[in-house]
Structures are given as C-alpha cells and as structure tokens.
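User: Hey, I'm new to this one and would like a quick tour. Can you walk me through it?

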Amino acid sequence: MTQMTHRHAFRTTFARFRLLVWLAVFLVSAGSARAELLIRITEGADSAVPIAVVPFAESGNMPAGDSVSSIVQSDLAMSGEFRPLQPSKMLSLPSKRSEVYFRDWRMLGQRYLLVGSLNRSGDQIEARFELFDVNREERILGETASAPASNVRSLGHHISDRVYEAITGNAGVFSTKLAYVTVTGAGDNIRYHLQVSDVDGKRTRVRLESDEPILSPAWSPDGKRLAYVSFETGKPVVFVHELTTGQRRKVADFPGLNSAPAWSPDGKSLLMTLSRDGNAEVYEMDMASDQITRLTDHWAIDTEGAWDHTGRGIFFTSDRSGGPQIYHMDRPGAEPRRITFGSRYNARARPGPEGDYVYYVHQRDSSFHIARTNLSNGQESVITRTESDDSPSLSPNGRLLIYATREGGNSVLTVVSADGGAAYSLPAAEGEVRDPAWGPITR
C-alpha cells in the first residue's frame, strides 16, 4: 500500500471525529518556525497574592542571562496565583532577615517577601533564600540550594517550586517540562519537530525531526520517556523514545491504526487505539512483555483512552451514542458510563489527578473550547475563551492546563488555571506549534 493510501485510510477511518481532524493541519503547508517559544503573561486571577521577590545579592561572577530572582518572579507571575512587585517600586533591597523592615512591605501592600543571596564558588552557584509572611513578620521558609553555573534556570525554578509549595500547600511545577510539536518549512519541505522545553518555553531541545507528521506526545510518569505517533514509515506507528539515550523502539506497528498512546500511572503499560481487529478500540500494552489486552469492544469507534486517578479505570472517547462523547469504565470489563451530555461533541479526555474533574475538548455552536465536568455532580463548565481549542494537558499538580489554540491566525499554546483564569501564552516565534503534553514532577 502506498504512503498516501495509508494516510487516506487513517483519515477516512476517523472521518466522524473532529478529534483527529487536526491531523490535516499537520499535512498542509506552514510557515517557517524557529524552535523556541515566546512567553506572554496575559492575566492573573483576581485573587492573585501580592509577593515581593527582592533581587538576590550576588557574590562572584554570575553567568550572563536572566538572574535567579527574575526567573522566580516570572515563574510566580505566570502561575496566575501571584502578583509580584516590580523591583523599581521597592523601598529597599534586603538579602537577609536582619535587613528587613516589615512595615515598609506592609505599606507597599505585600503579603509575602522573598529575599536571598547568591555565591559563586568555582563552577557552582549557591543560593540562600528566606520567605516571610509580612503581616505576621514570620519566616515560613529558609533553605540553601545549589546548581552548576550553567544551570541557573533550574536553580531559579527550584526556588519557585519551594516558594509556591510553602504558600499554597501544593507542589510547584516550574521545574517540569513541556513536550510539543512544531512545523517548519512549506510545501514539499515541511519538517516536523518533537520538542521539549521548560514550562516557560525556554531551553528548547529537538528530540526528533522528520519529514512525516509526529503526533500525540505522552510523558512516562518518571519523565524519562516519551511515547508518540510517527508517520515516518508511511503509516501511523507508536514509538517510545528514551530521552537520556535517544534510543527509540516501535511498540505498536499493527495493520491499520496505531494511535493515542497514554501511560499508566505506574509506567508499566500504555493505552493506545488500534484497529488491528477491524474496528478502532482501546487496548492496553504491557511494556515488559509487549502483550496487548483489548479494553473496549463495540461496533462504534472507541479511541483516546486515558487512565483515571485510580490507575484501574479509563476514560475514552466513543461515538456509540451518535457523536463523540466521553465515557468512563471503572475497571476492565465493566459497563462504560457516559460522562458528557452538554453538546454533540466532547472528546480527548484528560482526568484530574484527584479524581474530581475530567477535562476535554467541547464544541459549542461552531467553536471548540476546553471544558470540564465535575464527576461528583455532573456539572459542566467551559473554561477557555478562545474558539479553536484542542489538545488539553493538565499540569501534574492539577492547578494549570495547557492547550493548543489560534490567536489572530497564529498557533499558540495557552496555559490557564484549572478553573479558567488565564495565566500565560506560549506563541511560536514563527509558524506552527501544537499538541502540548505537560511532563511529570520528577524531583
């Protein structure tokens, strides 16, 4: 079978689903694109907490580029939960408690205060930092951390994580990674790039480049592997990519469709959609033995499996009710329960880590948004304001959600808080960027 015939068969099999229409976007011309993303803070929540991140005192020759304190300030701002004070508005620049006059920070309306110092010794930079509750005049965090001088961004993200957790009680995600796909070139020269970056779009690395589409990246729970779909052999095939070594292996190359990989919470198996038996169904593959088990069995199309928070049940998309809707199966072999009812199209489920919500692509009139359903009462809420939204992915702490959309004709990755408050966008410097996947916490 020719390469174009394989592609046609893949698209035809899923003609009823817009959830895979985005594949067509990858197969058309796109403008040139550089690897990096830009960051654009859009808005914080109305209840954003005032915090002053004082520029850290420095001893020794610091590397060029963003300072540690500016990285922390940017991280906290892009979470949407904090409103950092601009350094130009600060009345003093303390680096330790003995230099702090709390009345000055109360006068400036600050709730929290972060101070610190950096010392370079050889190739290492050591940071000492303290976080204070301004109203109570209490220190709530005091730590030391270090990193190679070449890895200042990781040091800044680590401090941001510690500050975020100390204030909110939730794990910070500033040290996690994003995976996404970019498209470069035009016409016969289109190239597809699987990329990994920091959550702010910095330190991008190309992990795979191909002249055939790359789709659906999915992180393993340990953050060491990416599963994805590649057309490099002329048909959709699921690969697993070891990020430290660059080694790859085919894990699903069956006749027909191989798509939508999703890791189990323990990393021992993958969900995927296969049509090896004639119809598209959700299967589980044991990664140690490569044994596959069919989980759905219906005349309709079942696809896009995702494990629930228990690691026993799955959500999936099916058109068994006449159009794509989200279903939940609480254990293998159980009768699936329909979850979504609010519109004729709901697809690509992404369950929250606590089992309270499930997020998905939702059609309303002619627009596509990201919505969520409260699993305890069935209440549905639309949480995005853009109109061509796809590929939702939750942060590992469940507080933020990234998705692909278009703004002014340009492709953008947008991050919102899980209840819909906009935090920041990551437009491509040029060209196309889509299919984001938020990596796990690995520290």
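User: Let's start with β15, β16, β17 and β18: in what order do the four strands sit in their open sheet, and is the pairing parallel or antiparallel?
Analyst: The order is β15-β16-β17-β18, and the pairing is antiparallel. Strands here are DSSP runs of E with at least two residues, helices are runs of H or I with at least four, and both are numbered from the N terminus. Two strands pair if DSSP finds at least two bridges between them.

User: Before we go on, what sort of model is this?
Analyst: This is a predicted model: local features need pLDDT of at least 70, side-chain atom pairs count only at pLDDT 80 or more, and totals for chains, interfaces and linings use all residues. Residues are numbered from 1 along each chain as its sequence is written, and side-chain values use heavy atoms, with hydrogens and water left out.

User: How many bridges join β15 and β16?
Analyst: Four bridges, in the antiparallel sense, with β16 covering residues 269-274. If you want a spot to look at, Asn258 stands opposite Leu274 in β16.

User: Switching to helices. How do α3 and α5 cross?
Analyst: The axes of α3 (residues 68-78) and α5 (residues 152-168) come within 8 Å and cross at roughly 50°. That makes α3 oblique to α5. On this scale, angles under 35 degrees are roughly parallel, over 145 roughly antiparallel, 65 to 115 roughly perpendicular, and the rest oblique.

User: Which residues make the contact?
Analyst: From α3 you have Val68, Ile71, Val72, Asp75 and Leu76, and from α5 Val152, Arg153, Leu155, Gly156, His157, Ile159, Ser160 and Val163. Contact means heavy atoms within 4.5 Å. By type, the residues of this contact divide into eight nonpolar, three polar and two charged. The classes go like this: Ala, Val, Leu, Ile, Met, Phe, Trp, Tyr, Cys and Pro count as nonpolar, Asp, Glu, Lys and Arg as charged, and the others, Gly among them, as polar.

User: How many residues of α3 are buried?
Analyst: Eight of the eleven are, so α3 is largely enclosed by the rest of the structure. Among them are Ser69, Gln73 and Met78. Buried means under 20% relative accessible area, exposed over 50%, and partly exposed in between (1.4 Å probe, protein chains only).

User: And what follows α3?
Analyst: Gly80 does, with a positive phi near 80°.

User: Which residues other than glycine have a positive phi?
Analyst: Glu137 is one of them, with phi near 55°, and Arg348 is another, near 60°. Glu137 lies in the loop between β6 (124-133) and β7 (138-148), whereas Arg348 lies in strand β23 (residues 346-351). Glu137 counts as partly exposed at 34% relative accessibility, while Arg348 counts as buried at 7%.

User: New topic: what is the order of the open sheet with β8, β9, β10 and β31?
Analyst: β10-β9-β8-β31, with antiparallel pairing. β10 and β31 (432-438) are the edge strands, each pairing on one side only. Neighbouring strands of this sheet are turned by 20° against each other on average, direction ignored.

User: What about β9 and β10 as a pair?
Analyst: β9 and β10 (residues 205-210) pair over five bridges in the antiparallel sense. Tyr192 stands opposite Ser210, and His193 has Glu209 as its bridge partner. Their hairpin has six residues between the strands, and Gly201 takes a positive phi near 85° there.

User: Where is Asn189, and is it buried or exposed?
Analyst: Asn189 is in the loop between β8 (177-184) and β9 (191-198), and it is exposed, with a relative accessible area of 58%.

Note on methods
Axes fitted to C-alpha atoms, helices over the stretch in contact; angles between N-to-C directions.
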